[in-house]
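Notebook open, structure loaded. I want to jot down what I looked up, strand by strand and bond by bond.

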Amino acid sequence: MSGSPDVGYYVGNIASIPRLQIPALKMQDAAQGFRPTEPNTGGTTTAYPCMLALASTWDEDLVNLVAAAIGTEFKGKGANVILGPSVNVHRVAAGGRNFEYLSGEDPHLGFRLTAAYVKGVQEQGVMAVAKHFAFNEQETHRMTMDAKASERTAMELYFAPFRGAVSAGVGSFMCAYNKVNGTYSCQNAELLKKDLRGLMDFQGFVMSDWLATHTPDALAAGMDQEQPGIIQLPLGAKSAVLTDKELNKVDKHIREAAASHVLTAVYRMGLDREPGCTPPNCTQELVSDQTKATTRGQRHEEIAFHAAASSVVLMKNNGLLPLTKDKVRRIAVLGEAAVDETHRTYVGKGSGYVQPDSSAKTPLAAIEERAAKENIEIIRPDSHTPEEAKSLGGTVDAIIVVVGVDASEGSDRTSLDLGHKSDHLVKAAASKAPTIVLLQIPGAVLMPWKGEVGAIAGIFMGGVATGAAWASVLFGDKLPTGRLPLMMPETINDTIQIGENREVDYSEGLLTSYRSPSFKAAFPFGHGLTYTTFEFSGAQQTREGCQAAACVEVTVTNSGKTAGEEVVQAYLHFPEPSGGDEKWVKSTPAKVLKGFHRTQELKPGQTETVLFNFAPEDFTLFSSERGWVEQSKVTVHLGASSEDIRQSLPVEPLS
Ligand code: BGC
């Protein structure tokens, strides 16, 4: 459905108009890098970590760098539009496309990382497309599902990353397949005109998702471009809603507005200045090898490795890690994901797919190579069965079990389990030796054995450098820096379930993830260990010199024995929310993330004072009657995760 129509073309193609010097638009997916749709293009681009892995870096500079590198590869491939970033805030834990979404479960994280990504890509002269607008939070009934959500839920939770894209000057938006409050997204004037162009002040153009245009009325409702336009379907039929005949029936002003939205974005982005190849004469660019490219002086291979390693989240560590000769001499590495040659647990499937190049090392190979330098012996098992794990008892000092699950666009995951085989393998290993579990996952998973193992770390589909990332973090070459961009639930009941009906009621409103008072976390949102510990002290509101609505500072001290970085998180609590009725007050979360700051790498004993500048909007809540309502009573919680709050203080917004 979304393949390129012919050789030399891209997933999306808008022909150039040479007479008017209007360049062709050459659009390609997206999530982990340039998608190989042309014959002989597999492995010619860098397979970066997925968007959710980028979210777990909690690092705007790094996200910006990866986006810039992706932009460089797009240029090299002759494309000038990337069908990304995909930024929807997760709602259901088993969402099939969660791995593709840069916001994880949080609007503030999503806002900031989306803005960083858009700037990185667009700096390279490649237009970004924020997708999928809006409420594209599950794959079940994805073409027809009707998301019923309140204005407040939209404003405070799901729209934030899209606002981040607009704030960064994104050129385009992609409207989603699903309906929103009864009307398809791509013909939803409320969504596209009132919210996107009106409230968010979006200046670019809106394209439909592939075959998401249902009627020519979409143009009047705010959609500007149908995708993929006229295409060859399997039985030879051609399909497009906006045929010339239909277009001629549409009011001239509406057509002109759509054209001017597209052209404004094209010229703003300067796409006319470097038009590049013209399809179908883009074959040479499309087959070119981009894996050796550099951006800002850095090799893409290095960028992909650094991003993957920075995305590793260390969830538990009883001291087993980092691995050193004095702790372990012989380690067994088990689990099918340790030898995942097909990369099913490194890259997601669907339009976000990227094929890793030949530099990809399996976790086993990478760990083996690194262990050799340490003179630590790695035992390769004959099989990956619980029996094999049990037979290792007494023969090794530790067992590393690598387990994973895959995911694909088009369907949701059927459960959050890692599967019987994997769970049994972990339990069997843990019953015989100190066990380190490495997870290669597309989103939240259940870890019923978490109390039995010594260490747990996770990478959300880490791309080509997955194996290398593991090796570097396990042996302490790279300090763990990732943080969970979602809550790892204790049980399936601690998550929002997939809506099985055509209508999906977002009745929980804002109370998803850590914002729900009833969900129990196995590992909380924002959590992530490193090889040292930090103390927080001296939190205070500073008035002098404060240019923001409120300024809060806190001192962070490395209180451990090795270097490390802390991600200080600021959660706001409104003790007496004002602006709505009792029901409205009840639906206000007890904590919302409104700031985070990554410290520099601090040596033992070293301190850093972290300053948060809160904007007036941070102290507002949305009411459908009154719009954004300023809150006068605010408590700021400063912590290392949504549940690990170290300092709290009342803060008065300065007027
Ligand atoms: C996906 C989009 C993608 C498009 C083009 C659609 O099926 O939902 O995310 O950009 O295909 O491949």
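I started at Y571 and looked for its bridge partner in β26, which turned out to be L593. In β30, the partner of Y571 is H637. Strands here are DSSP runs of E with at least two residues, helices are runs of H or I with at least four residues, and both are numbered from the N terminus. This is a predicted model, where local features need pLDDT of at least 70, side-chain atom pairs count only at pLDDT 80 or more, and totals for chains, interfaces and linings use all residues. Residues are numbered from 1 along each chain as its sequence is written, and side-chain values use heavy atoms, with hydrogens and water left out.

β25 (residues 567-573) pairs with β26 in the antiparallel sense over six bridges; pairing takes at least two DSSP bridges. β25 is also joined to β30 (residues 634-639) by five bridges, again antiparallel. How many residues of β25 are buried? Six of its seven are, where buried means under 20% relative accessible area with a 1.4 Å probe, protein chains only.

I then looked up the record. UniProt, in an unreviewed entry, puts a "Fibronectin type III-like" domain at residues 566-642; such annotations may be inferred rather than shown by experiment. I noted that the span is 6% helix and 47% strand, with its end C-alpha atoms 14 Å apart.

β26 came up again in the second largest pocket, where it gives the largest share of the lining, seven residues. A pocket is an open set of points on a 1 Å grid over the protein atoms alone, where a 1.4 Å probe fits, with protein on both sides within 12 Å along at least five of seven lines; lining residues have an atom within 4 Å of a point. The volume, the space filled by probe spheres set on the points, is about 740 Å³. Of its 32 lining residues, H108, F111, K594, E617 and D618 are the closest to the centre.

Last, I searched for disulfides, meaning cysteine sulfur atoms within 2.5 Å, and the whole structure has three. One joins C175 to C186, S to S 2.1 Å. C175 sits in β6 and C186 in the loop between β8 and α6, so the bond ties together parts 11 residues apart in sequence. C277 and C282 are linked at 2.2 Å, and C546 and C551 at 2.0 Å. Both C546 and C551 are buried. Counting bonded cysteines along the chain, I get the pattern 1-2, 3-4, 5-6.

Conventions:
Buried means under 20% relative accessible area, exposed over 50%, partly exposed in between (1.4 Å probe, protein chains only).
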